[in-house]
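Thanks for making time for this.

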Amino acid sequence: MNFRKIIPLLAAVVLLLGVIGGCSSKSGGSNGKTVIEIGSQSPLSGGSATLGDAIRLGAELAIDDQQAAFAKKGFTIKLKDLDDQGDPKKGVANAQILASDKNVLALVGHLNSGVAIPSSEVYEKNNLAMVSPATTATVVTDRGLKTVNRICARDDFQGPAGANYAVKTLKAKKIFIIQDKTAYGSGLAEQFRDQAKKLGADIVGYEGITVGEKDFNGVISQAMTKKPDLIYFGGVYAEGGLIIKQARQKGFTGPIMGGDGLDSSSTVQIAGDAVKGVYLTSVAGDVSKTEKGQAFAKKYKEKFGKNVESYSAYGYDAAGVILKGLMNAINDNDGKKPSREQVMKAIRAVQDYDGVTTKVSFDNKGDNKFAKVYIYNFEQAKYPPVQKAEISQ
Amino acid sequence: MLAHILQNLPQVLIDGLTLGVVYAVVAIGYTMVYGILELINFAHGDVFMTGAFMGAVVLFIMMGLGFLSAMPALIVFLIVIVIAAIATGLLGVGIERVAYRPLRRKNAPKLIALITSIGISFVLEDAVRFIAELKTGNYIVTAPSMFNHKFNIDIHHVIPYFNNATFQGSFLVVLIVTIVMLVSLDLFVNKTKWGMAMRAVAQDRDTASLMTINVNRVISVTFFIGSALGGATGVLFMIQYGTIDPYIGFILGIKAFTAAVLGGIGNIRGAMFGGVMLGLLEMFAAANLSIITHGAMGAEYKDVFAFIILILVLIFKPEGLFGKAVVEKV
């Protein structure tokens, strides 16, 4: 009789068990050494998980590489990786978790500027140093926080660099701009627009789209009537890939340009063949250009079974900078475990760190003096695209 | 200004129609369940999404077995859409069985069922997301492109005010399949015994049960049909846009629900009309809003524009456009 009542209950129980089973906890011994944890926050699930996962794996590889050096001093370094889901609320909640864990002395963090900005307020209160591999919004470091550093370039450098290339090299005269209304997308699009105007290009449209939608035909129809030479998109690949695809379907043959948000293998996956002729500016360099980078890509592939993404090497270098700062702090502290404040100062003081993809010297705001912007072009429908130009500050 | 809008019109109509028919079929799922249970089934948008993913799974399996190259694309597509529709239909029946029927038996307030449907919606989203990202950690699934033959309507030669319009083969597929679905549903509800039973249950559940109609079975059939249509539309969506993720059901579900309200909720033909109208309005706004307002409002306000129209309609006709014209609710 009661069988029918039991079915929903059973369903709920099975679901609950599934959820609990999914959250298996990690544990590992520290064999008598002092544990130091490096946090990592990036989107491991969600629309930009490809990029976020690359950052985490890069950081993991860096820690593995230097484990032996720290073991000699009597320390074990562990990675505490959290998923910020690309969501500011989740980022701040995770920041509290990291801040309350006394073993966490610094973190590699944040792909999205929108997440990094509120989370860094928490880090600042707790003297927890953050080194970001990827947040490009100007306001991230412009607030002058002593804990916030980044090794990539800023939007007020990336956007204009893209505009210079579009107007001077690609000879675009009429440009149609689409942006995704996020802090990142609209910030980048504005920087691009202002510089392009300055160079004398005609901005024939500046339109917004909604993140999460799939149909952008309306905006693209509007763009097509204006007959632009170039379409610029400020946003991330989930929408960017579709805009590229739908614009090509409507017969747009000119170049389409975007920022580092399109710098992912998923752009190619989504857009398919339409991706040919797409240009993008990225703050991440092509690792396959240097010997060091090739060795890194090989090691990465061996360890994780995945190809390097644009931000893999940046995750590696961000963690590398942290570890260098940490080592300096340990040495300054007579081989004892340093405080967060000491680590924070040591990281900011890092000069001429030579990573796999970029050199790092922080200025007094935490920006990297050696950050560069790279221009890429998809000549074939495959990732990575071909590097066309390299622009220094 | 008018010249600009006119030039664009053929293309806007084509794109708007594609989006509109998708809204229309999903709206039917909302309106059928509302008609029969007076329940707004918020999980329906995610049933649509699950259908898209099921279609993707079937498509990938068939690709793995080499069917895609061996068979004409149209037959592969028909197999995919039928399997996905049946699977989502059964999912819909399962949801009704597990989540709504126990509540109904206990005479729980309607609000409880509504909250339950929101819960189901979250469960579906996260379950699909979990499965989709199991392998790669990336839940955006890109389907192999089908029907990408490009058509060009040379309307500019016939009527020089218009620009030429282009569309892909998938547009025709979406349009034809949805029209077939809409017409056969209309025939089913109005001409068959089951349809009559559904209309009877919608009018008065207790009296219908006195007339030897098995009310629970009719409700199951309603959920099956609504969900199967939603799932089939999910497959169409995947074919048309190429990319799906577990959250496509949310925005689209809300808009389809709006379309159902616009047409008069509970009325199937109203939902069809409301969906097509909403799609056209939205596409029109996205293409022309900044031209109309001289750049003061960009394409990002397209939803605002569409919803203002909705509010205006509801002020003057609170029962929706078709709310009174047809008495029956299903």
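This is a predicted model: local features need pLDDT of at least 70, side-chain atom pairs count only at pLDDT 80 or more; totals for chains, interfaces and linings use all residues.

In chain B, helix α7 (residues 169-191) and helix α8 (residues 193-203) pack at an angle of about 75°, their axes lying 5 Å apart, where an axis is a line fitted to the C-alpha atoms over the stretch in contact, and angles run from 0 to 180 degrees between N-to-C directions. Since 65 to 115 degrees counts as roughly perpendicular, α7(B) and α8(B) are therefore roughly perpendicular to each other. On the α7(B) side the contact is made by F188(B), V189(B), N190(B) and K191(B), and on the α8(B) side by G195(B), M198(B) and R199(B); a contact here requires C-beta atoms, placed from the backbone, within 7 Å. These residues divide into 3 nonpolar, 2 polar and 2 charged, with Ala, Val, Leu, Ile, Met, Phe, Trp, Tyr, Cys and Pro taken as nonpolar, Asp, Glu, Lys and Arg as charged, and the others, Gly among them, as polar.

Residues are numbered from 1 along each chain as its sequence is written, and chains are lettered from A and ligands numbered from 1 in the order in which they are written.

Chain B as a whole has 13 helices and 4 strands, these being DSSP runs numbered from the N terminus, with H or I over at least four residues for helices and E over at least two for strands. Buried residues make up 50% of its 330 residues, buried meaning that 20 or more other C-beta atoms, placed from the backbone, lie within 10 Å of a residue's own.

Turning to the interface, chain A contributes 36 residues and chain B 33. The largest share of the chain A side, 6 residues, comes from α8(A), and by class that side has 11 nonpolar, 17 polar and 8 charged residues.

Finally, helix α6 of chain A (residues 155-169) has 15 residues and reaches 20 Å from first C-alpha to last, close to the 21 Å expected at 1.5 Å a residue, the expected span being 1.5 Å times one less than the number of residues.

Notes. Angles under 35 degrees count as roughly parallel, over 145 as roughly antiparallel, 65 to 115 as roughly perpendicular and the rest as oblique. Two residues are in contact if their C-beta atoms, placed from the backbone, lie within 7 Å. A residue is buried if 20 or more other C-beta atoms lie within 10 Å of its own, exposed if 12 or fewer, and partly exposed in between; C-beta atoms are placed from the backbone.
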